Amino acid sequence: MTSQSTANSPTETTTHWSLLVVRLALGVPILISGVGKVLAIGPKPMGISGFAGFLASLGVPLPTVAAWGVGLLELVGGALLLAGLTVRVTSALIAIDMLVATVLYHLPNGYPAASGGVELTLTLCLVALALAITGPGAFTVRRALSDTERRPSGASQSRGTDR
């Protein structure tokens, strides 16, 4: 029975690849959203003033400050997720961001994303929570740089060839 449960459990490599895919699934849409909010380019080019006006229409206090906070969180946070840096903290902040968006704007529109519903923001919130719990996995910029720094110059790429 032990060998069967081991055969069904994911390998360490599979887990690391899965976490990379989950980071991409969250990081790409969050980064693109942040680019639209802060730089006013991309599929939803609101810019800070447009996003601040939208937040003001929802009754958010200090809408310009909130727009900068959310915009920078999404822009910088998306990039950090893609690089695998500060993933737990960034993901927790993005989960809060998506929960607030879900409650403030999307909840009254029902479920389907096509009608402005909770489908996308709720999914992004849950994915962010999963990353906040699990962390980034092994495929990160920090790990790649530390592995490069630890490897002596002229050393073989394969660790098994040192004698």
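Start by selecting Leu26, Ile30, Leu81, Ile94, Met98 and Leu131: they have the most contacts inside the largest nonpolar core, which has 13 residues. (A nonpolar core is a set of buried Ala, Val, Leu, Ile, Met, Phe, Trp, Tyr and Cys residues joined through side-chain atoms within 4.5 Å; buried means under 20% relative accessible area, exposed over 50%, partly exposed in between, with a 1.4 Å probe and protein chains only.) Now colour helix H2 (12-39), H4, H5 and helix H6 (119-134), the elements that give two or more residues to this core. Helices here are DSSP runs of H or I, at least four residues, numbered from the N terminus.

This is a predicted model, where local features need pLDDT of at least 70 and side-chain atom pairs pLDDT 80 or more, while totals for chains, interfaces and linings use all residues. Residues are numbered from 1 along each chain as its sequence is written, and side-chain values use heavy atoms, without hydrogens and water.

Zoom in on Ile94. Skipping neighbours within four places in sequence, Ile94 has contacts (heavy atoms within 4.5 Å) with Leu26, Ile30, Leu73, Gly77, Leu81 and Ala128.

Next, hop to Val60, in the loop between helix H3 (47-57) and helix H4 (63-83). Buried or exposed? Val60 counts as buried because its relative accessibility is 17%. Beyond residues up to four places away in sequence, Val60 touches Leu55, Ala66 and Leu104. Val60 and Leu104 sit 44 residues apart in sequence, yet their C-alphas are 9.1 Å apart in space.

Last stop: Tyr105 in helix H5 (residues 87-106). Tyr105 is partly exposed, at 34% relative accessible area.
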